[in-house]
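Please examine the sequence and the three-dimensional model shown below.

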Amino acid sequence: MNKDTMCVQGAYEPKSGDPRVLPLMQSTTYYYESLEEMAHLFDVPKDGHIYSRISNPTVECYEKKIAMLEGGTACMAVSSGMAATLNTVLNVCKAGDNIVSMSTIYGGSYNLFKSTLPKLGITCRFVNDDMTDEEIKANIDENTKLFFGETIANPAMVVFDFDRISKICKEEKLLLVVDNTLATPILVRPFEHGANIVVHSTTKYMDGHATAVGGAIVDGGNFEYRDNPRYVDFVTPDESYHGINYVDEGEGGLYSFVLKARMQGMRDYGTSVSPFNAYITNLGMETLHLRMERHSSNALALAKELEKHPMVAWVNYAGLESNKYHERAVKYFKGGFSGMVVFGIKGGRENAEKFINNLHLFKNVTHIADVRSCVLHPASTTHRQLSSEDLVKAGIDEGLVRLSVGIEDEKDIIEDIIGALNNI
Ligand SMILES: *Cc1c(COP(=O)(O)O)cnc(C)c1O
């Protein structure tokens, strides 16, 4: 199956007389005739469903579709994108450990790494794209458990340097985790470029309709945990599961990461997705390939128009030839550069506010990546606590506007934006 077919038909194969559409199994529990059957599942949860905190048949199909699309070996769906990142870190880190992360990541992930995880004794060293290999490597020590980055950073729009960073991680025998939310596997498949684990906020393009918060962790099945002192937990017996070890149980590491995250993390932290949210996100994913094509073509057409407008100071979109990351984006992206466009309005905050008030189609919301076009002015919303000076430090211009370009008609989109600029 190619990716487009996977979106529509992947993972759910009805038998004769079954519902044609993946059914919603809104049940917390599962019946077993014999006590032995149930006892076996408590030892080996991967063999069946016991309780919907750990697994559910609707969720399972949805997970398989995400794993297929990413070209991974297994997936665990969770309650949100934040839960995906949290569970991923906690699957390998304990107090005293650290992670290394790009500094240009989603604000929520930044807060988790900068403020919250340190309270659990897990620290983060932030690095950036302008550093040399040596400067990046200097942050990695024997307690470093993973490297974290985003395929395309929100809203800094830095495209992840897969070849360079994955080479460093291979040399250091370090897990590379990539947040692929904004690109989706339709445009970029991080496992093909050296990532070991992919995380998603399915809340964005995968759902695509702004109806369900959710997240996912995908296992690349391409990491060697054996003979690696960083990951002894994967090869030593887990006493809370009768002494199994996750490398052997996950077929030599093929799906050990997700298996461990489910058997320990999901059992103990309980950040599961509801079957209903899995059901509607799966429906959304049936059109993911078509939507990403349209989001990308609309965004590129709009970015080109913005570049020409006299009220526009700069445009940041990886699809533009003038963009700092264009060459890198062309190397990794196939079929488009996704739907987020960031640009600066001349005249700062005052004109940015006028512009947003002039819009009709683009609605002012704190969201990205659904079918409807929307706009956000970080300086007066998500970053409003910062002073003008701090905004500069955070790389946020007072005239910076973030657009999430929807799948409406291209001409209508351009007319709304250009009209609002003209009317400032
Ligand atoms: C929104 C987002 C998240 C967080 O996801 P939630 O589903 O809101 O918890 C993580 N990473 C990126 C890139 C995002 O855009």
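The structure is a predicted model, in which local features require pLDDT of at least 70 and side-chain atom pairs count only at pLDDT 80 or more, whereas totals for chains, interfaces and linings use all residues. Residues are numbered from 1 along each chain as its sequence is written, and side-chain values use heavy atoms, with hydrogens and water left out.

Helices (H or I, at least four residues) and strands (E, at least two) are DSSP runs, numbered from the N terminus, and two strands are said to pair if DSSP finds at least two bridges between them. Strands of a sheet pair through backbone hydrogen bonds, in either the parallel or the antiparallel sense. Here five strands form an open sheet in the order β8-β9-β12-β11-β10, with mixed pairing.

Strand β12 has a partner in β9 (residues 340-345), with antiparallel pairing over five bridges. Within this pairing, L400 of β12 is the bridge partner of G344, and S404 of β12 stands opposite M340. Strand β12 also pairs with β11 (residues 374-376), again in the antiparallel sense, over three bridges; there V375 stands opposite L403 of β12.

How many of the five residues of β12 are buried? Buried denotes under 20% relative accessible area, exposed over 50%, and partly exposed the range in between, with a 1.4 Å probe and protein chains only. Five of the five residues of β12 are buried, so the strand is largely enclosed by the rest of the structure. L400, R402 and S404 point one way from β12, V401 and L403 point the other way, and all are buried.

Helix α14 (residues 348-358) has among its residues G348, N351, A352, F355 and I356, which are buried. Seen down the helix axis, the buried residues of α14 fall within an arc of 140°, so they line one face of the helix; the arc is that of the directions from the helix axis to the C-beta atoms. An α-helix has 3.6 residues a turn, so residues three or four places apart point the same way. The face of α14 turned away from the buried side carries the exposed residues E350 and N357. The buried residues of α14 pack against β9, β10 (363-364), β11, β12 and α16 (410-422), where contact means heavy atoms within 4.5 Å.

In helix α5, S109, L112 and F113 are buried. Their arc, seen down the axis of α5, is 85°, so these buried residues line one face of the helix. They pack against α4 (81-90), β2 (98-102), β3 (123-127) and β4 (144-150). S115 also belongs to α5, but at 37% relative accessibility S115 counts as partly exposed.

N298 lies in helix α12 (residues 288-308) and is buried, with a relative accessible area of 1%. Leaving aside residues up to four places away in sequence, N298 touches V405, G406, I407, E408, E410 and I413.

The pockets complete the account. On a 1 Å grid over the protein atoms alone, a pocket is an open set of points where a 1.4 Å probe fits, with protein on both sides within 12 Å along at least five of seven lines, and lining residues have an atom within 4 Å of a point. A volume is the space filled by probe spheres set on the points, which are joined across faces, edges and corners. The largest pocket has a volume of about 1,000 Å³. Of the 31 residues that line the largest pocket, I105, N154, P155, H383 and I396 are the closest to its centre. Helix α5 (107-116), β8 (312-316) and β12 (400-404) each supply at least two residues of this lining, and the largest share, four residues, comes from α5.

The second largest pocket has a volume of about 470 Å³. Of its 20 lining residues, K46, E60, A74, C75 and R262 are the closest to the centre. Helix α3 (57-70), β1 (74-78) and α10 (256-269) each supply at least two residues of the lining of the second largest pocket, with the largest share, four residues, coming from α3.
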